[in-house]
Amino acid sequence: MKRRTLLKGTAGSVLGWGSGAGPLIAGRAMAESMTQPAYPQARAVTRGPKHHFFGYYDKYPWDTTGRYLLAMEVDFIGRDPKAGEPLTVGLVDLKRDNQYMPLD
């Protein structure tokens, strides 16, 4: 038995071909069922001269309304803040021209 014949038969049995039920998902149907979710276009929402970022691994920076974005403001970029370096925690108001509002 040729390798291709074996692979076709194996794929057919896994997908349900030949069982009378038809393929579960195959070819074009598979491609159509795997549509990509619609993500919003990425855009900058803060401006310099300071740098803004959000850096918590298990928290979301957006509020439930989608209006505010939590961010930290620093004078440097490319590394984590060190002890004693100034850092401001604030909100970016996405409905008021992306205004940064310092909180602490």
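The following conversation concerns a predicted model and the reasons behind some of its structural labels.

Visitor: What makes β2 and β3 count as paired strands?

Guide: Two strands pair if there are at least two bridges between them, and strand β2 (residues 68–74) is joined to strand β3 (residues 88–93) in the antiparallel sense over six bridges, so the two qualify as a pair. Within this pairing, Met72 stands opposite Val89 of β3.

Visitor: How do you know that β3 also pairs with β4?

Guide: The requirement is again at least two bridges, and four bridges join β3 to strand β4 (residues 99–102), the two running antiparallel; therefore this counts as a pairing too. Leu91, for instance, has Met101 in β4 as its bridge partner. β3 and β4 form a hairpin, with five residues between them, and Asp97 in the turn has a positive phi of about 60°.

Visitor: How many aromatic pairs does the structure hold?

Guide: The structure holds zero aromatic pairs, so no two rings of Phe, Tyr or Trp have centres that lie within 6.5 Å under the criteria applied.

Visitor: What is the order of elements along the chain?

Guide: Two helices and four strands make up the secondary structure, and from the N terminus on they run α-α-β-β-β-β.

Definitions and conventions
Residues are numbered from 1 along each chain as its sequence is written. This is a predicted model: local features need pLDDT of at least 70, side-chain atom pairs count only at pLDDT 80 or more; totals for chains, interfaces and linings use all residues. Side-chain values use heavy atoms; hydrogens and water are left out. Rings of Phe, Tyr and Trp (its six-membered ring) pair if their centres lie within 6.5 Å; planes under 30 degrees apart count as stacked, over 60 as edge-to-face and the rest as tilted.
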